[in-house]
Amino acid sequence: MQKFFLPNHLEAHFFTLKNGLRVILVPIENVPVVASQIWFKNGAAAEKSDPQISRTGLAHLYEHLLFRGTPGFGAEMKRLGAVDYNAETWLDFTRYFGYFPAAQLESVMRLEAKRFNQLQVTTDLFQNEIGAARIELAQQLESPETKAVLNLWSELRADTDYGAPTIGRDEDLKGFKLEEAQYFFSRYYQPNQATLILVGGFNLEATKALMGEIFANFLSSNVPKDFVSKHLAEKNYSEPRVFSDKSHTFSFKHEGLSAPILYLSYRTPPKDSPDTPVLVLINYILGVGRSSLLSREFVEKGTGTNIDISYNIFRKPGLEFFTVYLKPGADLHKSQQRSSQVLDRLRHRLVPQLELSRAKNLLSSRYAHYIGDPSSIAYELGSASVTSISPLRNYEIWQEAMKVTPRQVFEVAQKYLSSDNVWYAKIEGAERK
Amino acid sequence: MRNSSTTINRSKALAFLRCHRASVSLLLVIYWQIGSLLLFPVSSFAREIVIESAPNSLVTELGLSFAGGYQVDPVGREGLSYLAAQMFLRGSHSLSAKDWLNKIDSIGATAEVSVAVNRTTFFFRFENRQLDKVLELIQDALVLPRLSLSELKNLKSETTINLKKIQESAYELSVAGAKYSLFNGSRLQYDEMGTMRGIARVKIPDIRRHWRRYFVQKNLVITVATALSQERIGPILRQWKSKLRTGEELPEQISVNQWPQGNLKVILIDRPELKSYGLALVRPGSPTTFDLFPELEVANSILGGGFSSRIFTRMRGELGWAYAAYSDYYDIDYPTRTGSVQFTYIDPPAEYLVDAAIELIKVIDGFYATGPTEGEMKEAIENATNAFPFRVAFARDRLQRTVEDIFDGRPQMTSTAFNSRLNQVSISRIKTALSKEKILGPAHLVVVGDLKKVPRLNEIESFGNSVQKINIEDLW
């Protein structure tokens, strides 16, 4: 068992079971609850890269089935007092997470292992969950922001595993066959592709022994240890297609939208790149806080209402997004030009020390908050486990970002915020038909 | 892009059990039954500063909660309390909004404002080392707010945009339709942000009056979760608080609207641009002061809490007609001393909407008629017992309970007292609670979406004793 210290001096203990399941335990004294997360390297990118899977949305659909396919799972979790039991699927991963009372640790973990090992997917259940996923899809497409993000991904990363929508296309969802789903589960739910994380009130040695016993036969290891990573690595990541529009812009109208929205997107390096900590800080300079550069340009000057940022960093080259919510009547074309000028400021001169300190203080404060919350600790360790070679990578990025200099910001901004690496999506309202 | 499954596990610990206060409960039930004006008392704040120790935490969380909330908005100026609260983030006499926010940002602090039905809260999170600087900035804005006309103009414009944005969601429209239907004629029928017309009418003198009246020492409860020692932070906060305006405590009672009477009512909100649908069944519920409220919470957990509830099992599990399917008492903000609202929500597609509505009513009626099974009750009670640690796990949870105790009349309970009360829950008591709940008022069915695409919609219209089509303009 390896031991590492988190920034607030909590100990994180790592070990790997014989079947390849990685376990991370972070005990905290005097806390009566435990946050639990299981991360699999099997998000939408996995389905996209597999020639035996012809449709989109399967990883997400399986996430649904794992809540519904083990008889009594929901009732038993409820009885045990577990809360916020849920899951999410994204490009690089599917994660299953929740909180439970510390006194119920053994029962909850046995139930977790059971739901993966004794999954029963009937045709009826499969069809019902397809129905639920289609309703979820319709709700997501109602959001102009979702439409913009899906468009940007499919246009800018169409030649990578990240180009397809995680939730799937409606025509794909309708056509899924149970056999295809079963193939996905057997291939991509492997113990050697999973990381189990527990953070909260428990005894370290006793819990380590218990996890070894409960998860010794977790799922079946019927594919080579490096199946998923090798499979994904075989893809050829060429430069993405570029819009025919040389301004790197696409536009669409959304019925009923009350105010225009502008999206800025730039291509990012993988999480393990040495540029990542600098880019994290650049994101804070640009879009985090009411005095960020974009907020000052749009909100302070009265043409925008707020700025959002997506915080996307992936295992492979991905995309980062800023959303500029404009006021009704704002000129999208001029707004695009203004946002481009904001990016130019970082590319053409050294960022003032005051600006840098502001961003570092915000970043430091945010991480100081996250590090005090068991589920956030589990999230940071888990997301790094599936997107980096080190489960501590998110914390390393934070600490490295605090040492970034104005010169580094200048150099990295020139590399990633250049006009050939930045794209825009412009959304305006349309009259109701 | 990020997808979640069913998502909210509504089985979260049964909310806060209430001590027996028979006289208050009786009084409130009488109010309901005669449909007269409801009144509720505002507590006096015996504990003005509450500090919870948060060892190992690198950040301090500071909350300033003032009694009042959006229920005190004058007729025709719905949105005043929201705008007044937001003006806190718009500068002080010595600093413009821009400079004040820059200072907050530059030390890495976050400042947020929220307005609930009965209180306004200013919330701050910052690294422990920034305590003095943050307190200085808060005091600056709270004692001498800038309240400038140009900032109010900007704020009104942003608030109007935000109001329009929530009109793009079937869920938000369902909540708005339910409030409109249940509380028609009172401030509670509108969103916390108010109405378009109300926002337009608010002027700087209104904001000034609101500040003078409500954001004063006597209405303030300060909560702090911190690793800093109580000896260090306590005196600073007391001294800091003494610099705020003194003002007067709120009067003992504030009037809110009566519950509606009659049978099932159907509310239709036609939104052709929506692709998804919302279907909410709401009914007036008992106050948390009701003797049998713990039984009602157990009952609701069985009916609509979590993946094993009756509603989820039937509507999504067996029929596949919905993605979300739940019921609870907390989707609609209401002064819990006077009552609550049981809100049941599903989101079926157009082709199943009518059948889903019929089935949902059948599931609920069936439950009210027969009550739970022994097994269901046992599961729900065990859930509540086992989940108790979540109420006290962290400093912020304990503070949340304290604030609810003070403002909403939900006293904190020890684990022993909580379990002892749960041990009294029985099927017969649950049935008694449900039968009393039915007396309180009729259910309201709210349907939202592109109604022209809903087959057999007329079958839903025939459910109620009245059908009302609502325009968006009526809701906001």
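**Reading the interior**

Analyst: In the largest nonpolar core, which has 113 residues, those that touch the most other members are Y62(A), M109(A), Y189(A), L198(A), M211(A) and F215(A). Helix α12 (residues 353-370) of chain B supplies the largest share of this core, 10 residues. Apart from it lies another core, of 91 residues, which includes L6(A), W90(A), L286(A) and L363(A). A nonpolar core is a set of buried Ala, Val, Leu, Ile, Met, Phe, Trp, Tyr and Cys residues joined through side-chain atoms within 4.5 Å, and buried means under 20% relative accessible area, with exposed over 50% and partly exposed in between (1.4 Å probe, protein chains only). This is a predicted model, in which local features need pLDDT of at least 70 and side-chain atom pairs count only at pLDDT 80 or more, whereas totals for chains, interfaces and linings use all residues. Residues are numbered from 1 along each chain as its sequence is written, chains are lettered from A in the order in which they are written, and side-chain values use heavy atoms, with hydrogens and water left out.

User: Which residues does M109(A) touch, not counting residues up to four places away in sequence?

Analyst: A contact means heavy atoms within 4.5 Å. With residues up to four places away in sequence not counted, M109(A) touches S36(A), F100(A), L196(A), L198(A), M211(A), I214(A) and F215(A).

User: Is S364(A) buried or exposed?

Analyst: S364(A) counts as buried because its relative accessibility is 8%. S364(A) is found in helix α14 (residues 353-370) of chain A, helices being DSSP runs of H or I with at least four residues, and strands runs of E with at least two, numbered from the N terminus. Beyond four places in sequence, S364(A) touches W398(A) and M402(A), as well as E127(B) and R129(B) of chain B.

User: How should I read strand β5 of chain A and its pairing?

Analyst: Two strands pair if DSSP finds at least two bridges between them. Strand β5 (residues 83-89) of chain A pairs with strand β6 (residues 94-101) of chain A in the antiparallel sense over 5 bridges, and a hairpin of 4 residues joins β5(A) to β6(A). Within this pairing, A87(A) stands opposite Y96(A) in β6(A). Of the 7 residues of β5(A), 6 are buried, so this strand is largely enclosed by the rest of the structure.

User: Where in chain A does pLDDT stay under 50?

Analyst: Where pLDDT is low, the predicted coordinates should not be read in detail; pLDDT is the predictor's confidence in each residue, from 0 to 100. In chain A, pLDDT stays under 50 over residues 233-244, although the chain averages 89 and 93% of its residues score at least 70.
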